[in-house]
Amino acid sequence: MLTQRQLFLQHNAQTSPEPLMLEFVRAKGIYIYDAQNRKHIDLIAGIGVSNVGHCHPAVVKAIQEQAETYMHLMVYGEYVQTPQVNFAKALADILPQGLSCTYFLNSGTEAVEGAMKLAKRYTGRKGFIACKNAYHGSTQGAESLMESDFYSSGYGPFLPHVSFIQHNNVADLEKITTEIAAVFIEPIQGEAGIRVADLSYMQALRTKCTETGTLLIFDEIQSGFGRSGKMFAFQHYNIVPDVLLLAKGIGGGMPIGAFISSLEIMSVLSHSPILGHMTTFGGHPVCCAAGLATLRTLVDNHIVDEVEEKGQLFKQLLQHPAIKEIRGKGLMLAVEFENFGINKKIIDACILDGVLSDWFLHCSNSMRIAPPLIITKEEIEEACAIILKNINLVAG
């Protein structure tokens with residue numbers, strides 16, 4: 001009989017020539033358990049997904065109850081479905097007035113695609129601006145917003161009328177003109193290795209977009225739902241985007257994405273023509289129920305209030321001559337080493353020692369630290385001790 005690993009290689013499409021081949025059988029809290037029941041501290045949370053931990057009881061309960069009530073009924077937007085309505089209202093309650101209307105989808109890249117269409121339709125313009133070293137998804141439209149030739153090689157041509165600016169470079173904002181429909185930006189760049197934008201830069205960006213009538217679209221697919229130490233990263237900058245993109249951590253482990261704007265802007269998708277954007281499974285009732293439970297868990301338990309302090313603890317404990325820099329906000333951190341070779345050896349050694357981490361698409365010499373937000377100080381201390389032990393083994 002073939003093993004699960006052999007079946008995986010034969011029947012599951014591969015995304016790299018050498019997958020990690022780690023075989024896990026269950027997960028709970030900040031831990032993932034392998035086939036030998038050996039637990040691993042999860043420091044990446046499925047790339048910023050499991051913000052309230054794996055299989056949080058409140059999320060599991062919401063999923064079970066909704067699955068027993070009803071699942072898919074109709075394509076998105078025609079029937080009034082309580083889980084969708086309640087989650088959208090709960091989001092509106094914690095967001096500024098200009099972000100009161102939500103379109104639910106299945107993923108982050110779908111949120112990007114929907115927002116691109118929204119921006120074109122609302123402004124009547126064709127042009128987009130995105131940042132160098134950004135990551136907004138892997139579909140054709142979303143990947144058009146990524147400048148890197150390495151990851152897009154062989155998959156073009158991509159959308160025209162897209163230009164790129166340097167993240168955190170005020171001079172580049174002059175490229176934003178009245179021909180640009182929208183600027184897509186991560187307030188904290190994820191796959192670039194956790195690059196946090198300056199306050200002055202973000203405020204200048206908001207001003208420039210307002211002056212030119214360009215929609216400012218914040219991609220908070222990684223940074224949203226408490227990851228940065230605030231519920232949303234834009235709250236660090238005292239500005240409000242015209243469109244907010246969410247996914248990953250908002251579903252408590254279930255697949256869901258969203259683009260959010262004002263009722264005025266979002267209304268253009270409903271007419272001339274109707275059905276300006278469609279999805280069959282977007283806003284799935286079970287996923288929305290899980291999302292609402294995740295939001296209530298974060299708010300009711302004041303989990304976000306402790307995120308910045310936990311992030312600072314990682315920075316304090318991870319002190320070593322081999323560490324060149326630790327960047328980030330809250331529990332969205334990058335630990336930089338001399339090169340990819342050293343970083344990969346440390347990551348691999350940590351995996352064998354029961355700590356899961358990885359590197360970044362556009363910053364392969366940095367280790368990702370993005371655990372579930374519920375991680376305790378004691379668990380942080382344990383994880384950091386293991387990381388430091390393996391840095392010593394690899395880098396001396």
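In which loop does Phe 225 lie? Phe 225 is found in the loop between strand 10 (215-219) and strand 11 (243-246), where helices (H or I, at least four residues) and strands (E, at least two) are DSSP runs numbered from the N terminus. The structure is a predicted model, in which local features need pLDDT of at least 70 and side-chain atom pairs count only at pLDDT 80 or more, while totals for chains, interfaces and linings use all residues. Residues are numbered from 1 along each chain as its sequence is written, and side-chain values use heavy atoms, with hydrogens and water left out.

The protein chain is divided into domain 1 (4-56 + 302-395) and domain 2 (57-301), the bounds coming from an automatic or database domain assignment. The centres of domain 1 and domain 2, taken over C-alpha atoms, are separated by 25 Å. Across the interface, 33 residues of domain 1 are in contact with 39 residues of domain 2, contact meaning heavy atoms within 4.5 Å. Domain 1 and domain 2 bury about 3000 Å² between them, of which 61% is on carbon and sulfur atoms; buried area is the accessible area (1.4 Å probe) that two parts lose on being put together, summed over both. On the side of domain 1, the residues that lose the most area to domain 2 are His 56, Met 332 and His 362, which together account for 28% of what that side buries.

Two packed helices are described by the angle between their axes and the distance between the axes. Axes here are lines fitted to C-alpha atoms, for helices over the stretch in contact, and angles run from 0 to 180 degrees between N-to-C directions. Helix 3 (residues 57-69) packs against helix 10 (residues 285-300) at an angle of about 150°, with the axes 8 Å apart. Helix 3 and helix 10 are therefore roughly antiparallel, given that angles under 35 degrees count as roughly parallel, over 145 as roughly antiparallel, 65 to 115 as roughly perpendicular and the rest as oblique. The crossing of helix 3 and helix 10 is right-handed, a crossing being left-handed if the near helix is turned anticlockwise from the far one by less than a right angle, and right-handed if clockwise. Ala 58, Val 59 and Ala 62 are among the residues that helix 3 contributes to this contact, and those of helix 10 include Pro 285, Val 286 and Ala 289. By class, the contact of helix 3 with helix 10 comprises 10 nonpolar, 3 polar and no charged residues, where Ala, Val, Leu, Ile, Met, Phe, Trp, Tyr, Cys and Pro count as nonpolar, Asp, Glu, Lys and Arg as charged, and the others, Gly among them, as polar.

Helix 10 is also approached by helix 4 (residues 82-94), the two axes coming within 8 Å and crossing at roughly 30°, and this crossing is left-handed. Residues of helix 4 including Phe 87, Ala 90 and Leu 91 meet residues of helix 10 that include Cys 288, Leu 292 and Leu 295, and the contact has 10 nonpolar, 3 polar and no charged residues. Helix 12 (residues 340-352) and helix 13 (residues 377-395) pack at an angle of about 130°, with their axes 9 Å apart, which makes helix 12 oblique to helix 13. The residues of this contact divide into 8 nonpolar, 1 polar and 1 charged.

Most residues other than glycine have a negative phi, and most peptide bonds are trans. Phe 225, although not a glycine, has a positive phi of about 60°. His 161, likewise not a glycine, has a positive phi of about 65° and lies in the loop between helix 7 (149-152) and strand 6 (162-165). That loop also holds Pro 157, and the peptide bond from Gly 156 to Pro 157 is cis, with omega near 5°. A cis peptide bond likewise joins Ser 272 and Pro 273, with omega about 5°, and Pro 273 is placed in the loop between helix 9 (263-266) and helix 10.
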